[in-house]
Amino acid sequence: MLTEEERRERERARKRLWRAKNREHLRECGRRDYQKNREKMLERGKRYRLNLTPEQKERKKERDRNWQRKFYIENRKAILEKKRGRKQSKEYAREYWLKNRERLLKKKKEHRHNHLEQYQAQDAVKSAVASGKLKRPDRCGKCGRKSRIEAHHYKGYDRKYWLNVRWLCRSCHRIEDAMNGYLIIQIMNVLSVKS
Ligand SMILES: [Zn+2]
């Protein structure tokens with residue numbers, strides 16, 4: 001004769017087995033129920049979250065965080081790939097631009113305002129190239145790489161130097177600018193020590 005506890009355990013095991021065997025079916029049912037009762041369930045979830053005590057809220061937060069962490073660790077590769085794929089796509093860039101148009105335009109305007117000389121120097125080069133006064137080569141003047149070539153204002157952005165440029169690839173241009181910034185900081189350090 002089985003004890004009450006044994007009988008219950010056997011029943012539980014039977015149910016577990018049935019669930020394991022019918023996992024797909026159960027998932028499908030769950031999906032269907034969710035679709036059918038979506039509004040009601042969302043409402044119930046909202047009510048549940050509103051009525052939580054602070055301790056319960058804290059516990060729930062911790063649970064959610066753990067779940068997110070676990071999900072991220074398990075699906076890290078897929079998540080990163082998806083993100084990267086999306087970010088590289090032209091549609092993503094377009095969508096991002098349209099979504100943040102106001103903010104981006106304002107930022108651009110601010111940047112132009114704060115770097116006015118630089119923009120004016122760039123515009124001067126652009127129109128000189130357009131009129132044929134300057135010619136933009138297709139190779140970097142420093143490393144010789146064939147790439148998108150930018151005008152580097154190595155003498156600064158003063159009006160008289162607007163067309164004094166070195167033609168550099170993007171990467172060499174960044175390095176030169178960083179070196180200039182570095183030199184300026186060094187010079188300022190020296191001056192501030194002396195004064
Ligand atoms: Zn280069």
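The questions and answers below concern a predicted model. Local features need pLDDT of at least 70 and side-chain atom pairs count only at pLDDT 80 or more, while totals for chains, interfaces and linings use all residues. Residues are numbered from 1 along each chain as its sequence is written.

Reader: How far apart do the C-alpha centres of domain 1 and domain 2 lie?
Author: Domain bounds come from an automatic or database domain assignment. That assignment gives domain 1 as 46-99 and domain 2 as 102-194. The separation of their C-alpha centres is 40 Å.

Reader: Where is the kink in H3 centred?
Author: Helices are DSSP runs of H or I, at least four residues, and strands are E runs of at least two, numbered from the N terminus. Helix H3 (residues 54-88) spans only 42 Å between its end C-alpha atoms, whereas a straight helix of 35 residues would span 51 Å, taking 1.5 Å times one less than the number of residues. The bend is the angle between axes fitted to the seven residues ending at a residue and the seven starting there. In H3 there is a kink of about 80 degrees, centred on Asn-75.

Reader: Which residues is Val-165 in contact with, leaving aside neighbours within four places in sequence?
Author: Val-165 belongs to the largest nonpolar core, which has 12 residues; such a core joins buried Ala, Val, Leu, Ile, Met, Phe, Trp, Tyr and Cys through C-beta atoms within 7 Å. Contact requires C-beta atoms, placed from the backbone, within 7 Å. The partners of Val-165 are Val-125, Ala-151, His-152 and His-153.

How values were computed. Buried ≥ 20, exposed ≤ 12 C-beta atoms within 10 Å, placed from the backbone. Contact = placed C-beta atoms within 7 Å.
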